[in-house]
Amino acid sequence: MKTALLAALLTCAPALALAQSRPLASPAARALTRLSGTVLDAAARPLPGANVFLKTTFDGATTDSLGRFSFTTSAAGTLPLVITLVGYEWQETPLALPAGGGPLALPTCHLRASRAALGDVVVLAGAFEASDARRAAVLKPLDILTTAGANADIASALTTLPGTTRVGEEGKLFVRGGAASETRTYLDGLPVASPYGGAVSGVPARGRFSPTLFKGTLFSTGGYSAEYGQALSAVVSLNSIDLDPETQTGISLLSVGGALSRTRRWERTAASANVDYTNLTPYYGLTAPDQRWEQAPQRLGGALRLAHRTGETGMLKIYATYASQQVATRQPDPEAAFALAGRLTALRNDNYYLNATYRAALRRGWSLNTGLALGREHNAVRPEPQLIDETEQTATARLVLTNDSASTWYNLKLGTEATTQRYDLRYHATPDAPVYTPGFAEQRTAGFGESDLSLAPRLSGRVGVRGEYSALLNRANLAPRLALAWQLGAGSQLSAAGGLFYQTPTNDLLRVQPALGFERAAHYILSYQRSTASRTLRAELYYKDYQQLARFDAYNVLDASRYASTGQGYARGLDVFFRDRYQTFKKIDFWVSYGLLDTRRQARADLAGAVPTFAATHSLSMVGKYWLGRLHTQLSGTLAYGSPRAYFDPNQPGYNQGRTPSFQSLDLSLSYLTHLAGQFTIVHLSATNVLGRDNIFGYRYATAPDASGQYAAVPVRQLAPQLVVAALLISINKKSPGDTSVAPD
């Protein structure tokens, strides 16, 4: 749930200490290595716009107009340093990184011209990154942790980017006219079946993973790689850190709970464990005693993580987590039986997840990346008077082979994936009613191939194809994908992408009628991006064509004969993103996101083609972060706006003809960095919706009209529209914190 902050905030202190941007930490504690150098051509002329990065990490930089680069990394050991530029041969050199950190000046690098060099300017369309090869992302862990209103939640932070719509009653990612189920989350290349915690109406869901677990977050809003499947709209790819930089203990004391973590680092191995507990009963008892909580949100969770370097390039990572959540509310309801007290809705959610991956370099330029993910989720839901118990178990195995040195003009990636899924439901319409027990078993296999190509100087492309077979649907699909990128100059490029994307219908549909087909979306994207060291400007036009969407009769939801794959729709629009890091204003990092969306569809229980209830025509986010160096304090603010959304009003003719008020929210946070008993400490205060805006997300109507022929209605609101959290986060390091001041970047 959105209020379950602890798991993510627990590791906030060490993440801030290691950050390259607004830090208050000791160089010794950070153990960072700063690499710097110059890239020239064969005639000793500087090469601006060359991409320099450490392979298998998110660490890298782009050379400036003089061919210079500089970046920091927490990695240690021997890693390949890669330099790429369209029109020049790929250069990859083993580099020994000191474990103790410090400055590392590299000798001047010379690139050889090649008509067919594989450049890093490849496929930009649809992804907020420079390329898959560079592995850069707009939002790093520190961005997520310090974005006001996100409360250290990855999905909440991503809603400040263009292409997303704020759906406050859900708390999930809704991208470019697509439902939340159309966005798939991957962890280290493996799909996550349940990326969000449990939630009930009015209490938004929250992502399961802490942002500090990852090197960075790749958010692709469309036209993404053939490596990813089962997502009609978007992909969130999370790549976890390898070895934690040092041994340390973390203590979190919050106004809503507490947490404890311990990390142990050896030369080639790192292990960590954490446990957290959240209970908002005391908080809401003091701040909102009149709200209808039968059980305020409560969460108990923990995680274990092990990483081991098996050689110069081999890395084994195992991550296991468990979380249990409970909440019970009395929701306003227009039905006469519940009008006074409200309808009781209770939830208990238990989730287990295991992710194990291994990667290593093979011979002749090939590398191996393989993994296994296991998940089990159980939901006990009690929407009065119904009783619902559902259990989903999944297992996914994946193997990918990549060759980056087969040729100077292309690379090759081949992969296969197998998923087994079991879903079971027990449903009582009333406690005394017969038990309804639908369920299904799925076995799905997939294979893909993809290649990045250098077609000419300043012109690159990506071509790929993905095929899937579903034993449950007894159907197969083949999804070709193509992208082109033209480098206009240093730091700027024009990109285009298109392709087909398939997804099996959601569990609530398959449990009634498994004989449906794959849902399909075709993406067409044109984008422009210009990036410098401190500024990014991005504009993107897109069009999505939906076909074969699942439909059913809302008045006969258990009649399998009323289900068919005949739905269709479209989504088109413009996304604009601008970020300025301390360039316009010396101590301010800010970004502005705007999305224009035009969409209509007829799917699921829609009576006619109409604007979906989760879509907003205009979405605007402004995020700012101000660093007060002398006070060791960062102030953050997020202003969000969403234009009115559609909803179905049975008291008016037509379908989805009603419009909500606009969504507006101002969130603020303050982080004070200091030391307590010689240990790095953060005092954090955050407040959401500080102006107290009463955001309404639609209306819930009675099933039958009253004596006047009108359907009674109650508004749908977020049950807790405001949340104020105070936190004391302490990082007990093995090493001395040392100096507490670092000049801004």
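A surface patch is taken here as a group of residues with over 30% relative accessible area and no salt bridge, in which nonpolar side chains are joined within 5 Å. In this predicted model, one such nonpolar patch is formed by Y626, L635, L670, Y672, V683, L685 and V724, which together have about 520 Å² of accessible area. Strand 34 (663–676) and strand 35 (679–688) are the elements that give two or more residues to the patch. Y672 is located in strand 34. With a relative accessible area of 33%, Y672 is partly exposed, and this value lies over the 30% required of a patch residue.

The protein chain as a whole contains seven helices and 38 strands. Of its 745 residues, 57% count as buried. The chain exposes about 29,300 Å², and carbon and sulfur atoms supply 58% of that area. Among contacts between residues at least 6 apart in sequence, 63% join residues at least 24 apart.

Two open sheets were examined. Strands of a sheet pair through backbone hydrogen bonds, either parallel or antiparallel. F53 is placed opposite V82 of strand 5.

The other open sheet also has four strands, in the order 10-9-12-11, but its pairing is mixed. Its edge strands are strand 10 (190–191) and strand 11 (214–220), each of which pairs on one side only. Strand 9 (residues 183–187) and strand 10 are joined in the antiparallel sense over two bridges, and L187 stands opposite L190 in strand 10.

R292 lies in the loop between helix 6 (281–287) and strand 16 (293–309). At 34% relative accessibility, this residue counts as partly exposed. Leaving aside residues up to four places away in sequence, R292 touches A328, T329, R330, Q331, P332, L340, A341 and G342. The C-alpha atoms of R292 and G342 are separated by 8.3 Å, although the two residues are 50 residues apart along the chain.

The structure holds 34 salt bridges. One of them joins R535 and D580, with the closest N and O atoms 2.8 Å apart. This pair links distant parts of the chain, as R535 belongs to strand 27 (residues 535–551) and D580 to strand 28 (residues 564–581), 45 residues apart. R535 is partly exposed at 35% relative accessibility, whereas D580 has a relative accessible area of 0% and is therefore buried.

A salt bridge between E540 and R538 likewise has its closest N and O atoms 2.8 Å apart. Here E540 is buried, with a relative accessible area of 2%, and R538 also counts as buried, at 3%. The side chains of D598 and R572 meet in a further salt bridge (2.6 Å, N to O). D598 in strand 29 (residues 588–602) and R572 in strand 28 are 26 residues apart, and the pair links distant parts of the chain. D598 is partly exposed at 30% relative accessibility, as is R572 at 40%.

Note on methods:
Residues are numbered from 1 along each chain as its sequence is written. This is a predicted model: local features need pLDDT of at least 70, side-chain atom pairs count only at pLDDT 80 or more; totals for chains, interfaces and linings use all residues. Side-chain values use heavy atoms; hydrogens and water are left out. Two strands pair if DSSP finds at least two bridges between them. Patches are made of residues with over 30% relative accessible area and no salt bridge: like charges are joined within 9 Å, nonpolar side chains (Val, Leu, Ile, Met, Phe, Trp, Tyr) within 5 Å. Accessible areas come from the Shrake-Rupley method with a 1.4 Å probe; for residues, only the protein chains shown count as cover. A salt bridge is a side-chain nitrogen of Lys or Arg within 4 Å of a carboxyl oxygen of Asp or Glu. Buried means under 20% relative accessible area, exposed over 50%, partly exposed in between (1.4 Å probe, protein chains only). Contact means heavy atoms within 4.5 Å.
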